[in-house]
Amino acid sequence: MISIGVLASGNGSNLQAIIDACRDGTLSASVDVVISNNSRSGALDRARKEGIEACHLSTATHPNPEALDLAMVDTFRRCKIDLIVTAGYLKKLGPLLLASWKSRIVNIHPSLLPRHGGLGMYGINVHRAVIDSGDQVTGITIHRVSGDYDTGDVLAQKTIPVDPDDTAESLSARVLKEEHGFLIATLRDLIERISPAET
Ligand code: GRF
């Protein structure tokens with residue numbers, strides 16, 4: 001059984017999809033801790049509601065970046081986390097966390113990376129950029145996390161057509177709906193290939 005830790009800053013609908021898939025047996029895993037930089041995130045509320053440890057760790061709790069990095073690593077180690085999923089997490093990960101979990105950190109991004117990724121490309125901004133560029137397709141990318149925003153080996157991508165009358169809002173809603181199933185299918189494949197790690 002794989003132990004998953006989730007990092008999330010916002011509503012946490014992807015987190016909920018993971019929790020639900022663990023519960024119904026689609027994933028041979030459990031979500032054992034959720035960390036958010038946002039003390040008022042829906043993600044932390046969802047974790048608490050599910051009886052999952054919910055931690056607020058941010059520059060507010062740890063002004064020193066090294067101390068914050070260490071606190072996150074300590075939390076994931078204490079919870080014996082094998083796989084970390086960043087699902088709508090808006091901060092860069094610290095060097096100790098990256099080195100400790102290496103290829104076992106996975107991010108979901110709502111575009112076909114490398115298009116529309118990088119600093120500032122989150123939430124509705126991504127979908128606005130797609131519409132403004134006149135792209136006829138967009139999609140979802142699930143990738144391993146390297147040091148920078150939205151970089152690292154791509155694990156899976158799904159293409160989604162952009163309709164001529166799409167707005168950033170309509171596109172965002174449609175892509176997010178597709179994200180949940182695609183994230184679970186991709187995690188399922190990944191989990192089948194890894195065994196619990198010594199971290
Ligand atoms: C999703 O679109 C995800 O791809 C992106 O941030 C959004 C998070 O949504 N990284 P939610 O918090 O999981 O509902």
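## The ligand and its contacts

In this predicted model, a backbone N or O atom of N14 lies 2.8 Å from an oxygen atom of the ligand. How much of the ligand does the protein bury? Taken alone, the ligand exposes 370 Å², and the protein buries 83% of that.

Which residues are around the ligand? They come from several parts of the sequence: N11, G12, S13 and N14, then G88, then I108, H109 and P110, and finally L176 and E179.

## The sheet

Seen as a whole, the sheet is open and has 7 strands. Their order is β3-β2-β1-β4-β5-β6-β7, and the pairing is mixed. Strands of a sheet pair through backbone hydrogen bonds, and they can do so parallel or antiparallel. Which strands form the edges? They are β3 (53–56) and β7 (154–161), and each pairs on one side only. On average, neighbouring strands of this sheet are turned by 20° against each other, direction ignored.

A helix covers part of this sheet. Helix α2 (residues 42–49) packs on it and touches β2 (29–36) and β3. The direction of α2 makes about 155° with that of β3.

## Parallel and antiparallel pairs

Start with β1 (residues 2–7) and β4 (residues 83–87). They pair in the parallel sense over 4 bridges. L7 has T86 in β4 as its bridge partner.

Now turn to β5 and β6. Do they pair in the parallel or the antiparallel sense? They are antiparallel, with 4 bridges.

Is β6 largely enclosed or open to the outside? Of its 8 residues, 6 are buried, so β6 is largely enclosed by the rest of the structure.

Most residues other than glycine have a negative phi, and most peptide bonds are trans. Some spots in this model depart from that pattern.

One is in the loop between β5 (105–109) and α5 (124–133), where P114 lies. A cis peptide bond joins L113 and P114, with omega about 10°. H116 lies in the loop between β5 and α5 too. Its phi is near 60°, a positive value in a residue other than glycine. Is H116 buried or exposed? The cut-off for buried is under 20% relative accessible area. H116 has 13% relative accessibility, so it counts as buried.

D150 sits in another loop, between β6 (137–144) and β7. Phi of D150 is near 60°, again positive in a residue other than glycine. D150 counts as buried because its relative accessibility is 18%.

## A partly exposed loop residue

S103 is found in the loop between α4 (95–101) and β5. With a relative accessible area of 39%, S103 is partly exposed. How far apart are S103 and M72? They are 31 residues apart in sequence and 17 Å apart in space, C-alpha to C-alpha.

Technical notes. Residues are numbered from 1 along each chain as its sequence is written. This is a predicted model: local features need pLDDT of at least 70, side-chain atom pairs count only at pLDDT 80 or more; totals for chains, interfaces and linings use all residues. Side-chain values use heavy atoms; hydrogens and water are left out. Two strands pair if DSSP finds at least two bridges between them. Helices (H or I, at least four residues) and strands (E, at least two) are DSSP runs, numbered from the N terminus. Axes are lines fitted to C-alpha atoms, for helices over the stretch in contact, and angles run from 0 to 180 degrees between N-to-C directions. Contact means heavy atoms within 4.5 Å. A residue is near a molecule or strand if one of its heavy atoms lies within 4 Å of it. A polar contact is a pair of N or O atoms within 3.5 Å; within protein, one must be able to donate a hydrogen and the other to accept it, and residues adjacent in sequence count only if both atoms are side-chain atoms. Accessible areas come from the Shrake-Rupley method with a 1.4 Å probe; for residues, only the protein chains shown count as cover. Buried means under 20% relative accessible area, exposed over 50%, partly exposed in between (1.4 Å probe, protein chains only).
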